[in-house]
Amino acid sequence: MAGRRSRDRSITPELLLRAYSIGMFPMSDSADDPELFWVEPEIRGIIPLDDFHVSSSLAKAIRKRPFDIRFDTAFDQVVDKCAEAAPDRPSTWINQTIRELYGALHRLGHAHSVEAFEGDELVGGLYGVSLGSAFFGESMFSRRTNASKICLVHLVERLRERGFTLLDTQFTTEHLKTFGAVDIPKDAYGLLLDKAMESETVRF
């Protein structure tokens, strides 16, 4: 990973989009760290949109429609929830600078959220960045069983419907691998990214 540090006010939304277009993204060491650093993994995680897998048990849960799934109605809340500590994630890399930058991208139409509501309560969600025909997943959270998983299923359905060609997960986890996530070398990822950047911008 590349790790060049950058003071919080040196990164603009425009610079952030440029970074995504060439395969880089920012992170911080912790929620309390005011600095960001650029990351460019040698091995990149993606979910091939034509090879997305939904287990039979999850498909059964989805058919019961346990949540009201919405898009872009509570973006800031989703980011806040992703930044909260949870039993399975005691710390987070989402600091105040990240919140402000991605909030700005959302207002520019380049950052989006998928939300799972139970009544009026936000119980799961994910957010990421859209650029060209690529969607770059950033983070997800779940406060109910299957909430974030169901949001991911709805995200993939939407990306397929709209003509997206690349779903970037940055890294893979055992959780994401159950959906078909794979690791690919940086060079192979670069070819997919270049193709997605050369495409007409796809509306999320």
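Two strands are taken to pair where DSSP finds at least two bridges between them, and the strands themselves are DSSP runs (E, at least two residues), numbered from the N terminus, as are the helices (H or I, at least four residues). This is a predicted model, in which local features need pLDDT of at least 70 and side-chain atom pairs count only at pLDDT 80 or more, while totals for chains, interfaces and linings use all residues. Residues are numbered from 1 along each chain as its sequence is written, and side-chain values use heavy atoms, with hydrogens and water left out.

**View 1. The open sheet of seven strands.** The strands follow the order β5-β6-β7-β8-β9-β4-β10, and their pairing is mixed. At the edges lie β5 (68–71) and β10 (182–185), each of which pairs on one side only. From one strand to the next the twist averages 35°, where axes are lines fitted to C-alpha atoms (for helices over the stretch in contact) and angles run from 0 to 180 degrees between N-to-C directions.

View 2. Strand β6 (111–118) runs antiparallel to β7, the two being joined by eight bridges, and H112 stands opposite G128 in β7. Two residues separate β6 from β7 in their hairpin, and G119 in the turn has a positive phi of about 70°. Strand β7 (121–131) is in turn joined to β8 by eight bridges, again in the antiparallel sense, with F141 in β8 as the bridge partner of G125. The hairpin of β7 and β8 likewise has two residues between the strands, and there G132 takes a positive phi near 60°. Because ten of the eleven residues of β7 are buried, this strand is largely enclosed by the rest of the structure; buried means under 20% relative accessible area, exposed over 50%, and partly exposed in between (1.4 Å probe, protein chains only).

**View 3. The parallel pair β8 and β9, with the loop residue S133.** Strand β8 (residues 134–142) and strand β9 (residues 166–170) pair in the parallel sense over three bridges, and A134 has L166 in β9 as its bridge partner. S133 is found in the loop between β7 and β8 and is buried, with a relative accessible area of 1%. When residues up to four places away in sequence are not counted, S133 touches G163, F164, T165, L166, A196, S199, E200 and V202, contact meaning heavy atoms within 4.5 Å.

**View 4. Helices lying across the sheet.** Helix α1 (residues 13–21) lies across β7, β8 and β9 and runs at about 75° to β7. Helix α5 (residues 147–162) lies across β5, β6, β7, β8 and β9, and its angle to β7 is about 35°.

**View 5. The crossing of α1 and α4.** The axes of α1 and helix α4 (residues 96–107) come within 9 Å and cross at roughly 85°. That makes α1 roughly perpendicular to α4, since angles of 65 to 115 degrees count as roughly perpendicular, those under 35 as roughly parallel, those over 145 as roughly antiparallel and the rest as oblique. On the α1 side P13, L16, L17 and Y20 take part, and they meet L101, Y102, A104 and L105 in α4. The residues of this contact divide into eight nonpolar, no polar and no charged, where Ala, Val, Leu, Ile, Met, Phe, Trp, Tyr, Cys and Pro count as nonpolar, Asp, Glu, Lys and Arg as charged, and the others, Gly among them, as polar.

**View 6. The nonpolar cores.** A nonpolar core is a set of buried Ala, Val, Leu, Ile, Met, Phe, Trp, Tyr and Cys residues joined through side-chain atoms within 4.5 Å. The largest has 39 residues, and those with the most contacts inside it are L16, Y20, I94, Y102, Y127 and F136. Its largest share, five residues, comes from helix α3 (residues 75–83). Leaving aside its neighbours within four places in sequence, F136 is in contact with Y20, G128, V129, L131, D168, Y189, L193 and M197. A second, separate core of 26 residues includes I150, F164, L167 and A181.

**View 7. Two loop residues with positive phi.** D72, placed in the loop between β5 and α3, has a phi near 55°, a positive value in a residue other than glycine, and at 28% relative accessibility D72 counts as partly exposed. N146, found in the loop between β8 and α5, has a positive phi near 70° although it is a residue other than glycine; at 23% relative accessibility N146 counts as partly exposed.
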